[in-house]
Every structure is written in C-alpha cells, then in structure tokens.
Amino acid sequence: MPFVDSTDVGTTVRQKLTPHRRLKVWEKTGGRCVLCSGRIDGVRERWIVEHIRALELGGSDDFANLGPAHQACAVQKTREDHRRAARAKRQKIRHIGADAPKRPLPFGKASLWKRTLSGKIVPRK
Ligand SMILES: [Zn+2]
C-alpha cells in the first residue's frame, strides 16, 4: 500500500469503538485479516480493528478505513506506520523551514571563518 502525501501528517482524532461497530468491521471482510488476508479465529487469536491508512498518516477514522487484523500483523504495520509518520514529519519540518541547518555553510555568514577576496581564510569578527 504505497502512500505518498507529505503535506498531510496531522493525526486524526480516534473514536471509541463499540462492540457493535467491532462486529460491523469484522463482517466487512468476513473475518479475514486486512493485512495478511488470512482467516482470523476470533476465539483463539487476538485481533484488533486496524486503521488501514494510519491515523497519524492522515487516515480517517470512518468505517471505510477500518478492517479486522491479527494482533501480530498489526504490530508490524504499526511499526512501519510510525517510521513513515516520523519521516513525513521530518520532511515537513524541513519543508516549512522550522528547523535551522545544524552545520553552517562553509565560510557563509554563520561560519566562524570567512574567505577574503584574495582567497585568504581569516576568522570572522
Ligand atoms: Zn494477519
């Protein structure tokens, strides 16, 4: 599921899931995991309602974006989603200029040294 949208990295507010909504989500796929498409044994296996597109990646909290998933599959996906969200946030921070560069440009205005017109390198006062 490729996802490329660096402009929207806002986290969507999560709604409380009622047992009725959980049942509706389960019946949407007939008890199949949305991540590995394997059948979920609701009695013996732990399963959760997964946000197919993660909330932290701008996914919506409505029924179309929900599906049942094995707990184990979801843990893996969540790890990948966190990695993506962190990356999207870093990109946005850089894009809007909220982060100053850590290393000054060599001999630039912020550098402690300057190069004169004759090519000599002297300390900037
Ligand atoms: Zn699964």
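How many C-beta neighbours does R90 have inside 10 Å, and does R90 count as buried, partly exposed or exposed? With 13 such neighbours, R90 counts as partly exposed, where a residue is buried if 20 or more other C-beta atoms, placed from the backbone, lie within 10 Å of its own, exposed if 12 or fewer, and partly exposed in between.

The model shown is predicted, so that local features need pLDDT of at least 70 and side-chain atom pairs count only at pLDDT 80 or more, while totals for chains, interfaces and linings use all residues. Residues are numbered from 1 along each chain as its sequence is written.

**View 1. The whole protein chain, with two helices and four strands.** Helices (H or I, at least four residues) and strands (E, at least two) are DSSP runs, numbered from the N terminus, and read along the sequence they follow the pattern α-β-β-α-β-β. The radius of gyration of the protein chain is 24 Å, well over the 14 Å that the globule rule gives for 125 residues, so the chain is more spread out than a compact globule; the radius is taken over C-alpha atoms, and the rule is 2.2 Å times the number of residues to the power 0.38. Along its principal axes the C-alpha trace spans about 80 × 25 × 20 Å, and buried residues make up 11% of the 125 residues. Of the contacts with a separation of 6 or more, 58% are between residues 24 or more positions apart, a contact being two residues whose C-beta atoms, placed from the backbone, lie within 7 Å.

**View 2. Strands β1 and β2, which run antiparallel.** Strand β1 (residues 47–51) is joined to β2 by five bridges, and two strands pair if DSSP finds at least two bridges between them. H51 stands opposite L66 in β2. Four of the five residues of strand β2 (residues 66–70) are buried, so this strand is largely enclosed by the rest of the structure.

**View 3. The largest nonpolar core, six residues in all.** Its members are C33, V34, I40, W47, A69 and A74, where a nonpolar core is a set of buried Ala, Val, Leu, Ile, Met, Phe, Trp, Tyr and Cys residues joined through C-beta atoms within 7 Å. In soluble globular proteins, nonpolar side chains tend to be buried together. Apart from its neighbours within four places in sequence, A74 is in contact with L35, I48, E50 and A69.

**View 4. The loop between α1 and β1, where R32 lies.** R32 is partly exposed, with 16 other C-beta atoms within 10 Å, and, not counting residues up to four places away in sequence, R32 touches S37, G38, R39 and I40. R32 and H70 are 38 residues apart in sequence and 8.9 Å apart in space, C-alpha to C-alpha. S37, placed in the loop between α1 (19–29) and β1, has a phi near 55°, a positive value in a residue other than glycine; S37 is exposed, with 9 other C-beta atoms within 10 Å.

**View 5. Helix α2, in which R90 is found.** At 1.5 Å a residue, the 25 residues of α2 should span 36 Å, and the end C-alpha atoms of the helix are 35 Å apart, which agrees; the expected span is 1.5 Å times one less than the number of residues in the helix. R90 and R44 are 46 residues apart in sequence and 40 Å apart in space, C-alpha to C-alpha. Just after α2, G97 takes a positive phi of about 75°.

**View 6. F107, in the loop between α2 (71–95) and β3 (113–115).** Phi of F107 is near 60°, a positive value in a residue other than glycine, and F107 is partly exposed, with 14 other C-beta atoms within 10 Å.

**View 7. E27, a residue of helix α1.** E27 is exposed, with 10 other C-beta atoms within 10 Å. Between E27 and W113 there are 67 Å in space, C-alpha to C-alpha, and the two are 86 residues apart in sequence.
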